[in-house]
Amino acid sequence: MSAAPEAPAAARVRVLGRARRLGRETALCLLLSALAVLFALLVIGSGDYPMGPGKVVNVILGGGEGLDSTIVFQWRAPRAVAALAFGAALGVAGAVFQSLTRNPLGSPDIIGFSTGAYTGALLALTLVGGSFLATSLGALAGGLLTALAVYFLAWRRGSHGFRLILVGIGISAMLAALNQWLVLRAEIEVAMAAAVWGAGTLNGVGWPVLVPALIAIVPILGLVLAGGTTLNMLELGDDTATALGIRVEPARLTMVVLAVLLTAATTAVAGPIAFVALVAPQLAKRLNRAAGMRLAPAACMGALLLVASDLVAQRLFAPVQLPVGVVTVSIGGVYLIWLLAREGRAANRI
Amino acid sequence: MASPTPAAVNPENTQASTDKAASGCSTTTMGPLLPAKIPGALAHRSGLLLCFALLLALLALFSLAVGSKHIEFPVVLDALLNPNDSADHAIIRDSRLPRAVLGVLAGSALGIAGALVQSMTRNALAEPGILGVNAGASLAIVIAVGTFGINGFNGYVWFAFGGAVLATGAVYLVGMAGARSNDPVRLVLAGVALGAVLSGIGTALALVHPSAFDQLRAWTIGSLEGRSADVLAPLGIAVLVGVVLAAFTGRSLNALALGDDTALALGYKVGRARVLILLAVTVLAGAATAAVGAISFLGLMAPHLARRFSGPDARWMLAYTAVLAPIILLLADVLGRVVIPGELEAGVVCAFVGAPVLILLARRKKPVAV
């Protein structure tokens, strides 16, 4: 392309095409973010003391009385902020893994993080008794140790993507079996509490646990989003990426570590929320229609998915609060099924 | 090319290539469609297969002797050949023999189902549970226990089978609907999506019904213990049907591995082959999962191990999987019985036996993809 001068018309079409694609992506991100914020306002407004979105905005802008402002800022805002941030983090982490493994089943789960975190939390719950802090620390330690073990077991003169996946599946299978064994041997109440945590839940998230997670998530999100171009080059294959000037191994390792850290910060606070990392990138990709994996739409889609799911989890069987992970799998799954079915119909018409 | 984002330069091409890559990590080193015509290769392959079959038979025999009460080998043989009413013979006839047969049947079924799914979707990460079998079965169990108050394995085993079959049927409808029906990625995604929805509903219901949660956690883990001998006949029929279907599709599997277009060009009926394979997977995985629980990891790793010995020919790979998978399951069951009698389920040990093998395989020099 750079060798032969292009016809002006062809060049114009090319530039226009790229501009249109970026325009579509920007519009998509804006739309998804707007919806996510709207749902966040609804989450803040819902509960035993309901408030309309207008009132919530008014309180957030500083127009609230003592009780209103306590309810909004101290009780409900942490949960909404957590849903937005965690959803974005999980969406991006999933996109990174699907891009690196070039497999739509890729997610941070494949290197065993979530399963290891569940093991850590289960051990904390069954052995130590399981305060919030102990569970979080157990999950963090379990997840990180597992991810490290998988990475080193898969290392053999370079981290071949396929080998990483197979080793991850092996380790996850062992830990999952251990988890099931622990759940089966535990008292039924402990087992059910563990199952709620294992599904992923935002119940009881407050500022003291959320702030440290946010301090980790926000800068990492920025770093990963900045590395989106590198990721798209890695998608072209190791040889092509090297030819384009990417140092493949360090670049891949950096992206994996950042994605795992995003998952870690989320899981420590909310448990391994299922399916957001898997489905948000696929949904975003299908709506965006871009080649390759794009990170920003995946982030926005993840945030929207989690915050919308949290609203349902709170309200569906109120006052019984479902773990949000149970809802994310349902909503994400139904939406993915609908998209797939629509694709099938569209292909039929052509 | 000057552009910093090469992906943007030619969206059409890149899309196609990433999609192809996404359909599996399988940069296949497929052999020729027909098995290599090297003299002796056939003898070597069938000889090795025979050895594994012998190993399986020995292991099954061994599993009859091992348990909370050790029974001498001569007595075991006697019980098989000239049964009488002694206590040892009764233990073997009523409890250990059905258990060994269950292990062989369920192991084969899960292994073959896994091999078929991996070949059909061209995805080395696919397992029998990916088409919604596990999620469908567990939701059905939760409904059976939570709503209808059914208790115990014999009560819910048919619910589990029905749930698995319904779920796979639904996955097929979503994944194969429309003209692009032959895209295996769509099938995998449909399975993941539907499986997620079903398991989400199942978990929510189980959290509301503690009794259902209690039964579900016992079933999920996967075990050969406490299964009634009544399930053996239906399971045997299911395995027979599945094996016949799989045998019919063996040649098409080799062609499918080359990609749908090539298979079509070679004159294979791709759509029909997929339906037959899916039917076989449904029957095999559904019956085995209902009978022993969600041990889908066995279906994932056994084909990887089998491919080590069989080479790329799908028919040999299926035959090896059918023998190797029950070896792993029986070994797991025996180990569990020896280490902590009655407290260590076969599903747990299976993961601890199979996973290191999978990791060792992955660390070998050339990872063999589907």
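What percentage of the contacts in chain B with a separation of 6 or more do residues 24 or more positions apart account for? The figure is 76%, where a contact means heavy atoms within 4.5 Å.

## Basis of the model

This is a predicted model, in which local features need pLDDT of at least 70, side-chain atom pairs count only at pLDDT 80 or more, and totals for chains, interfaces and linings use all residues. Residues are numbered from 1 along each chain as its sequence is written, chains are lettered from A and ligands numbered from 1 in the order in which they are written, and side-chain values use heavy atoms, with hydrogens and water left out.

## Chain B overall

Chain B has 15 helices and zero strands; these are DSSP runs (helices H or I, at least four residues; strands E, at least two) numbered from the N terminus.

Of its 370 residues, 57% are buried, that is, under 20% relative accessible area, with exposed over 50% and partly exposed in between (1.4 Å probe, protein chains only). Carbon and sulfur atoms hold 68% of the accessible surface of about 14700 Å² in chain B (Shrake-Rupley method, 1.4 Å probe; for residues, only the protein chains shown count as cover).

## Thr121 in chain B

Thr121(B) belongs to helix α5, residues 87-121. With a relative accessible area of 1%, Thr121(B) is buried. A polar atom of its side chain lies 2.8 Å from the backbone oxygen of Val117(B).

## Val320 in chain A

Val320(A) sits in the loop between α13 (295-315) and α14 (324-349) of chain A. Val320(A) is partly exposed, at 47% relative accessibility.

How values were computed. Polar contact = N/O pair within 3.5 Å; in protein donor to acceptor, adjacent residues only side chain to side chain.
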